[in-house]
Amino acid sequence: MNFHVMTLFPEMITQGLSASILGRAQEKGFIALNAVNIRDYTLDKHKRVDDYPYGGGAGMVMAAEPVVRCCRAVMEQIAKENGGCPDTKEQKKCPRVIYLTPQGCTFTQAMAKELAQEEDLIFLCGHYEGVDERAIEMIVTDQVSIGDYVLTGGELPVMVMIDVIARLVPGVLNNKESAESETFQDYLLEYPQYTRPEVYEGLSVPEVLLSGHHAKIGEWRRQQSILRTKKVRPELLAQAVKEECLSKKEMKFYREITGDGTKEK
Ligand code: ADE
């Protein structure tokens, strides 16, 4: 899978994603990262990419021209690599262009799962007070926020998105299971984990985990997930129940801990 990032700080992206699992995934060719400097596409003789906002107000706005030219260049590059032209709709469909902005829809694991199916994704990192709306209208397919807070630019959010999406790409994680049985799967938070030693500063590993009884361990872990989700994210647990993600036995446990009636449904 190929991630293309349009940014004014390409080195921030390449360096930020070069370590650990994503670094290895790039070396092994499971994912490719293409950070493109928007400034290379300005026609301004002083290399400016921003200007004052029409109507006044604080800050600067990223101009449409370098952003649109940059995006077209990336599209052409992708089309060339795929052996087609992005304008002649007969070839592969155009890649999605995701603009990172606090004005977007909130990024979720479900969204990541959907985006991980794409071969190419193009991201646009805004800076200053945003991007000229005409550029957004012309090139952007999705506007995404990573949460209800404002960062100085889209670089950290795009790194978050790429990290989340990339680990869903086959081959990126060593152990296929670890992407499948974890937090947000089934709307449940993950159960607690322990490793050696058995007792650390007087705190013991729960007995059941030492039992070697796989069914009991599985049941305990699901119950821990349910308890944790109830405590920290009750709205997620309600969703899990609504979507019928809990087994009959787990529903009984749920009713016990929530006092939500005592009879079987
Ligand atoms: N740019 C600035 N803040 C952001 C946020 N919360 N999500 C995505 N992009 C942003």
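**Exercise 1. Determine which residue forms a salt bridge with D142, and how far apart the closest N and O atoms are.**

Step 1. A salt bridge is a side-chain nitrogen of Lys or Arg within 4 Å of a carboxyl oxygen of Asp or Glu. The partner of D142 is R96, with the closest N and O atoms 2.9 Å apart.

Step 2. This pair joins distant parts of the chain: D142 belongs to strand β7 (residues 142-145) and R96 to strand β5 (residues 96-106), 46 residues apart. Helices (H or I, at least four residues) and strands (E, at least two) are DSSP runs, numbered from the N terminus.

Step 3. D142 and R96 are both buried, where buried means under 20% relative accessible area, exposed over 50%, and partly exposed in between (1.4 Å probe, protein chains only).

Step 4. A network of salt bridges links K93, R96, E114, E118 and D142. By the stated rule, the count comes to 10 salt bridges.

The model is predicted: local features need pLDDT of at least 70, side-chain atom pairs count only at pLDDT 80 or more, and totals for chains, interfaces and linings use all residues. Residues are numbered from 1 along each chain as its sequence is written, and side-chain values use heavy atoms, with hydrogens and water left out.

**Exercise 2. Identify the buried residues of α9 and what covers them.**

Step 1. L236, L237 and A240 are the buried residues of α9. Viewed down the helix axis, they fall within an arc of 100 degrees, so they line one face of α9; the arc is that of the directions from the helix axis to the C-beta atoms.

Step 2. Their cover includes α8 and α10, contact meaning heavy atoms within 4.5 Å.

Step 3. In α10 (residues 248-258), the buried residues are E250, M251, F253, Y254 and R255. These pack against α8 (214-232) and α9 (234-242).

Step 4. K252 and E256 of α10 lie 4 residues apart, about one turn of the helix. They form a salt bridge, the closest N and O atoms being 3.5 Å apart. K252 is partly exposed at 43% relative accessibility, whereas E256 is exposed at 53%.

Step 5. A residue with positive phi follows each helix: E244, near 55 degrees, after α9, and G259, near 65 degrees, after α10.

**Exercise 3. State how many disulfides the structure holds.**

Step 1. A disulfide is a pair of cysteine sulfur atoms within 2.5 Å. The structure holds 0 disulfides.

Step 2. For C105, the nearest cysteine sulfur is that of C125, 17 Å away.

Step 3. C105 is exposed, with a relative accessible area of 52%.
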